[in-house]
Amino acid sequence: MVEKDGMVYLRVATTINFWNRVTIMGGDTGTANQVDEESSTQNEIVVLGTESGTGNVLEKLSSVRLGKPDERFTAVRFLDDVAYAVTFLQRDPFYTVDLSDPTNISILGKLDITGFSQYLHPIENGKILAVGQETDDRGTTIGMQISLFDASDPTELTLLDRLVLLNKENGWTSSGASWEPKAFRFFT
């Protein structure tokens, strides 16, 4: 929640799941074919607002949709007037969203890389440290990743470095920070 210019703004990131898949049975063989009429998900960052101190109902002021069909949010972080968001299905689009005008939010930048981030942490000089999973180009998880992004210019996101801890055979590599932010500590 942000208070600015006599208004209170609530910023929300949401993934809506739709059950719109249609199964068509094929003739005498009884084989099923799935047909997608549209995406099964919708990712959206929304800004709601009301006048400060009035206690009135929040109204939707602006929103922006992120992601490709069937992707879902895996991480979102709101910092000042910028939102950092990650969606995933097979690759990791990492987005920056301009929140400076609550009535007209927009996408500033996008970086498409393998894997997906599950926790985003701001560090010095406009850098973002991310913890998540690394994947191959098909979206299959192959290990845990820790990534360092340069977001000092939100219109030009850059992956500076990445450490990948590959899964062992019949094993899984992960971090508690992927689902519990208190599991993460960063010291300078």
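Strands (E, at least two residues) are DSSP runs, numbered from the N terminus, and two strands pair if DSSP finds at least two bridges between them. This is a predicted model, in which local features need pLDDT of at least 70 and side-chain atom pairs count only at pLDDT 80 or more, while totals for chains, interfaces and linings use all residues. Residues are numbered from 1 along each chain as its sequence is written, and side-chain values use heavy atoms, with hydrogens and water left out.

**Stop 1**

Select residues 116-123, which form strand E11; seven bridges join E11 to E12 in an antiparallel arrangement. Leu 120 is the residue opposite Ala 130 in E12. Move to the hairpin of E11 and E12, where three residues lie between the strands and Asn 125 has a positive phi near 60°.

Next select E12 itself, residues 127-135. Eight of its nine residues are buried (under 20% relative accessible area, with exposed over 50% and partly exposed in between; 1.4 Å probe, protein chains only). Strand E12 is therefore largely enclosed by the rest of the structure.

One place to look is Gly 132, whose bridge partner in E13 is Gln 145. The hairpin of E12 and E13 has five residues between the strands, and Gly 139 in the turn shows a positive phi of about 95°.

**Stop 2: the ring cluster**

Show the side chains of Tyr 84, Phe 94 and Phe 149, which ring pairs link into a cluster. Rings of Phe, Tyr and Trp (its six-membered ring) pair if their centres lie within 6.5 Å; planes under 30 degrees apart count as stacked, over 60 as edge-to-face and the rest as tilted. The structure holds three aromatic pairs. One of them is Tyr 84 with Phe 94, a tilted pair at 6.4 Å centre to centre and 35° between the planes. Tyr 84 lies in strand E8 and Phe 94 in strand E9 (residues 92-98), so this pair ties together parts ten residues apart in sequence.

Tyr 84 is buried at a relative accessible area of 8%, and Phe 94 is buried at 0%. The rings of Phe 94 and Phe 149 are also tilted, because their centres are 4.6 Å apart and their planes stand at 50°. Phe 149 lies in strand E13, so its pair with Phe 94 in strand E9 ties together parts 55 residues apart in sequence.

**Stop 3**

Select residues 82-88, strand E8, and centre on Ala 85. Is Ala 85 buried or exposed? Ala 85 is buried, with a relative accessible area of 0%. Beyond residues up to four places away in sequence, Ala 85 touches (heavy atoms within 4.5 Å) several residues, including Ile 45, Leu 66, Phe 73 and Phe 94. Ser 117 is 32 residues from Ala 85 in sequence and 9.1 Å away in space, C-alpha to C-alpha.

Thr 87 is also found in strand E8 and counts as buried, at 0% relative accessibility. Its side chain makes a polar contact of 2.7 Å with the side chain of Glu 71. A polar contact is a pair of N or O atoms within 3.5 Å; within protein, one must be able to donate a hydrogen and the other to accept it, and residues adjacent in sequence count only if both atoms are side-chain atoms.

Key. Helices (H or I, at least four residues) and strands (E, at least two) are DSSP runs, numbered from the N terminus.
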